[in-house]
There are 2 protein chains.
Amino acid sequence: MPRIPAQDLEALFTHVLVTRGCPAETAAISARIMTESSCDGVYSHGVNRFPRIIECIDRGIIKPSATPVRVEGKGGFEQWDGRQGLGNVNAKLAMDRAVELARTHGLGCVAMRNTNHWLRGGTYGWQAADAGAIGICWTNTMPNMPAWGARDRRIGNNPFVIALPRNGGHLVIDCAMAQFSYGQMENAERQGRQLPVPGGYDQSGNITTDPAEIAKTWRVLPIGFWKGSGLSILLDLVGASLSGGLSTYRIGQQGTDEYSEYNLSQMFIAIDADGLVGRMMLTRTVEEVISDLKASVRVDDDQEIFYPGEKEQLTRAENQRLGIPVDDTVWDRIRSL
Amino acid sequence: MPRIPAQDLEALFTHVLVTRGCPAETAAISARIMTESSCDGVYSHGVNRFPRIIECIDRGIIKPSATPVRVEGKGGFEQWDGRQGLGNVNAKLAMDRAVELARTHGLGCVAMRNTNHWLRGGTYGWQAADAGAIGICWTNTMPNMPAWGARDRRIGNNPFVIALPRNGGHLVIDCAMAQFSYGQMENAERQGRQLPVPGGYDQSGNITTDPAEIAKTWRVLPIGFWKGSGLSILLDLVGASLSGGLSTYRIGQQGTDEYSEYNLSQMFIAIDADGLVGRMMLTRTVEEVISDLKASVRVDDDQEIFYPGEKEQLTRAENQRLGIPVDDTVWDRIRSL
């Protein structure tokens, strides 16, 4: 698998986006975000997803020259319309604005409707933390998971992110409400692997780690069973209501194929941690907790306990040094775009 | 099991609290909250917990006449010191204040330190929703769960709540980051029942539904395995940093028995949904999603799909009509206090 230097990947992403009518500045932002996600090891929402983004532009689902507009607001809250622009550029703008609102109001919130897949949700957490803010954000998705007690998929996996700034490397948790993504299950099935923990139900109604069995029912497991189901429903409804946008249900009404996931509703909350309690308080509280976590008795002696976001930082350092590993097929496909 | 009318339970709670030096008004608020939680079927954090609350007062861990003070604030954010007052009264005050801040600033946040167990977290979600606000709140706890990859308990189960106002009955999700509470596992073990889904690890390192096996390792499962572990760490650190209070690690330094869980850090966020987007928008978005959920293909034909908070409302109606079922032993104990 070739390793591509980050700047080469970013330049190619930018170039291809510009050929699709994307303004140079917008293309540069989108390309940087996708490169950074790839650099952090989240290839599924970086380089591997790039061809699909271009396809969505070609099909008119993503409108690369659209810019979001502020609809209304009050104090620290603003409602925005993403106008079907590039999802990652829209989301970056929304978190930038939430941080700006937080500087004035202590905390800020942007609810954005009619936007597109934000790719890696963690991006906007890292972004808030870089600005010295606590970031909390989530998105809804197309219906891709059954509610608790149901067989058919009517709720979203609705990724949820919390980020906390730290001098030695931020803490970021970025997790969907499904135990595994479709991509992870398909990869495991293709490679004949079992999932590391149960990911869904088989046809007899038993939970299983076998991705091939789950593929027969698509009864994927929410995190925490009924808990993740409930969280998914609330995250969806809060985002859709406050943004005045579509719920997962309404997104599902647009169609059922992979190109129907557009006009999403997203929430971005920033709390100005540095401005409110200062970096010294954050440092004191965070460092001793990390030390305590690291002192845990390990299940596997060789397996260190990581804080959320730590593995991404280790991968980032390696990929910055060696280049980003890109699958041959993906790399050929991107160069042909 | 006797069924006690809600007003009798509330009157008795109030009376006992007053005998312990609790001011009448504070006692009334605390008693009402515990009665409402019992009425909603959350007995573990209502009537069943009352004797322990009195014990904590008697031991000086809860200071029933303490009132929280505002430490500092900026815009929609305020930091409060709970001064070890009654946890549920403190939390109600904090969410009231967050809602008040939200009326002015669109959204509001109170971070409270040095407070006590808030009993049922959902209470403060229902409260925000009653006021027409979206409520998001969480608390940290003593260390009661291993981090992902660890054997020993260094992170909290940190209950997390999201609530959304609705004319026909609010939507409230109230879930700890552990799959099951210690109380649930102990009940199942006493009754010789298996847990409905895996709740932890046995001594061979396999996940199990057997509460007796989990009791041997206390490796309880976070919701979503590594996901709930990461969420727990972030919820703890955000609350402890912003409140200037104790982290789960620091709470653990106070001791390891059940009376060591005090000086908690809690977060209360309110978004003025009614004021920002109006009840009509909420209604339109929420009702069609609930209808869609209800139309799911059921796993068990006889088992309706509930939205989060619906079961509590059904239990509430029944207990209001028939009285609150109270275990004989618990009832005798409360009357002897």
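**Aromatic pairs and a buried histidine**

Author: In this predicted model, ring pairs join A:Trp138, A:Phe160, B:Trp138 and B:Phe160 into a cluster.

Reader: How many aromatic pairs turn up over all chains?

Author: A search of the whole structure gives 21 aromatic pairs. In one of them, the ring centres of A:Trp138 and A:Phe160 are 5.9 Å apart and the planes meet at 45 degrees, so this pair is classed as tilted.

Reader: And where do A:Trp138 and A:Phe160 sit in the chain?

Author: A:Trp138 belongs to strand S5 (residues 134–139) and A:Phe160 to strand S8 (residues 160–164) of chain A, so the pair links distant parts of the chain, 22 residues apart.

Reader: Are A:Trp138 and A:Phe160 buried or exposed?

Author: Both A:Trp138 and A:Phe160 are buried.

Reader: Switching topic, where is B:His170?

Author: B:His170 is found in the loop that runs between strand S8 (160–164) and strand S9 (171–175) of chain B, and because its relative accessibility is 10%, B:His170 counts as buried.

Reader: Which side chain makes a polar contact with the side chain of B:His170?

Author: That is the side chain of B:Asp130, at 2.7 Å. Leaving aside residues up to four places away in sequence, B:His170 also touches others, including B:Trp126, B:Tyr307 and B:Gln313.

Reader: Last one: what rotation superposes chain A on chain B?

Author: A rotation of 180 degrees, with 0.0 Å of shift along its axis, superposes the chains with an RMSD of 0.0 Å. The two copies are therefore related as by a two-fold rotation axis.

Key. Residues are numbered from 1 along each chain as its sequence is written. Chains are lettered from A and ligands numbered from 1 in the order in which they are written. This is a predicted model: local features need pLDDT of at least 70, side-chain atom pairs count only at pLDDT 80 or more; totals for chains, interfaces and linings use all residues. Side-chain values use heavy atoms; hydrogens and water are left out. Helices (H or I, at least four residues) and strands (E, at least two) are DSSP runs, numbered from the N terminus. Buried means under 20% relative accessible area, exposed over 50%, partly exposed in between (1.4 Å probe, protein chains only). A polar contact is a pair of N or O atoms within 3.5 Å; within protein, one must be able to donate a hydrogen and the other to accept it, and residues adjacent in sequence count only if both atoms are side-chain atoms. Contact means heavy atoms within 4.5 Å. Copies are superposed by least squares on the C-alpha atoms of residues with pLDDT of at least 70 in both. Rings of Phe, Tyr and Trp (its six-membered ring) pair if their centres lie within 6.5 Å; planes under 30 degrees apart count as stacked, over 60 as edge-to-face and the rest as tilted.
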